[in-house]
Amino acid sequence: MQVTQFEADIRIAEQLLDVYFEAEAEAFASLDHPAIVYADPDCACTTVYDVLLNSLTEQLRDKERHGSCGMGIFETVLRTRDTPYALFLHEFEGTDEDKIVRKLRNIRENYTKPRLENLKQKYPGPQR
């Protein structure tokens with residue numbers, strides 16, 4: 001099976017996020033007390049696709065960049081707002097992995113790809 005450029009980009013983004021979160025986990029592990037994380041079950045979950053879209057948007061804006069934290073927050077808000085592609089923390093509780101994988105694939109195929117095409121049209125990027 002041939003890997004598309006989109007799939008290759010997603011794999012790279014996933015690897016970068018793994019490195020980022022591994023470093024964060026190591027920092028927490030070095031504390032004298034365990035890190036306790038609190039999260040609202042109704043909070044929206046950011047996916048690697050949101051992070052990738054966020055990063056690509058900044059690149060496509062070229063000289064019109066306005067800065068970004070680079071963690072996909074705005075893209076998460078857009079995806080979550082009034083769409084069937086919202087993903088909330090409570091959806092993970094008691095859910096089998098296959099269901100989550102299907103939901104993420106649905107987000108990738110039916111939301112992320114069209115959103116990426118929309119962004120390419122809106123921000124054609126630097127003229128080469």
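Start by selecting Cys45 and showing its sulfur atom: the closest cysteine sulfur, in Cys43, is 5.1 Å away, which is too far for a bond, since a disulfide is counted here as a pair of cysteine sulfur atoms within 2.5 Å. A search of the whole structure finds zero disulfides, and Cys43 is accordingly in no disulfide, with the sulfur of Cys45 as its nearest cysteine sulfur. For orientation, a disulfide is a covalent bond between the sulfur atoms of two cysteines.

Cys45 is buried, with a relative accessible area of 13%, whereas Cys43 is partly exposed, at 28%; buried means under 20% relative accessible area, exposed means over 50%, and partly exposed lies in between, as computed with a 1.4 Å probe on protein chains only.

Before going further, keep in mind that this is a predicted model, in which local features need pLDDT of at least 70 and side-chain atom pairs count only at pLDDT 80 or more, while totals for chains, interfaces and linings use all residues. Residues are numbered from 1 along each chain as its sequence is written, and side-chain values use heavy atoms, with hydrogens and water left out.

**The whole chain**

Now zoom out and show the cartoon. The secondary structure comes to four helices and zero strands, and from the N terminus on the elements run α-α-α-α; helices (H or I, at least four residues) and strands (E, at least two) are DSSP runs, numbered from the N terminus. Of the 128 residues in the protein, 27% are buried. Among contacts with a separation of 6 or more, 69% are accounted for by residues 24 or more positions apart, where contact means heavy atoms within 4.5 Å.

**Helices α2 and α4**

Select residues 48-61, which form α2, together with residues 97-122, which form α4: the two helices pack at an angle of about 10°, with their axes 11 Å apart. That angle makes α2 roughly parallel to α4, because angles under 35 degrees count as roughly parallel, over 145 as roughly antiparallel, 65 to 115 as roughly perpendicular and the rest as oblique. The axes are lines fitted to C-alpha atoms, for helices over the stretch in contact, and the angles run from 0 to 180 degrees between N-to-C directions.

Show side chains where the helices meet: Tyr49, Leu53, Leu56, Thr57 and Leu60 in α2 face a group in α4 that includes Leu104, Ile107, Tyr111 and Leu116.

**The nonpolar core**

Next, select Cys45, Val48, Tyr49, Leu53, Tyr85, Leu87, Ile107, Tyr111, Leu116, Leu119 and Tyr123, the 11 residues of the largest nonpolar core. Such a core is a set of buried Ala, Val, Leu, Ile, Met, Phe, Trp, Tyr and Cys residues joined through side-chain atoms within 4.5 Å. The largest share of this core, four residues, comes from α4. Within the selection, pick Ile107, which touches Tyr49, Arg79, Tyr85, Leu87 and Thr112, not counting residues up to four places away in sequence.

Move to Tyr85, in the loop between α3 (73-80) and α4, where Tyr85 is buried at a relative accessible area of 17%. Leaving aside neighbours within four places in sequence, Tyr85 is in contact with Arg79, Asn106, Ile107, Asn110 and Tyr111.

Leu87 is found in the loop between α3 and α4 and counts as buried, at 3% relative accessibility. Beyond neighbours within four places in sequence, the contacts of Leu87 include Cys43, Cys45, Phe92 and Leu104.

**Last stop: Asp50**

Finish in helix α2 with Asp50, which is buried, with a relative accessible area of 1%. Asp50 and Gly72 are 22 residues apart in sequence and 4.7 Å apart in space, C-alpha to C-alpha. Not counting residues up to four places away in sequence, Asp50 touches Cys45, Gly72, Glu75, Thr76 and Arg79.
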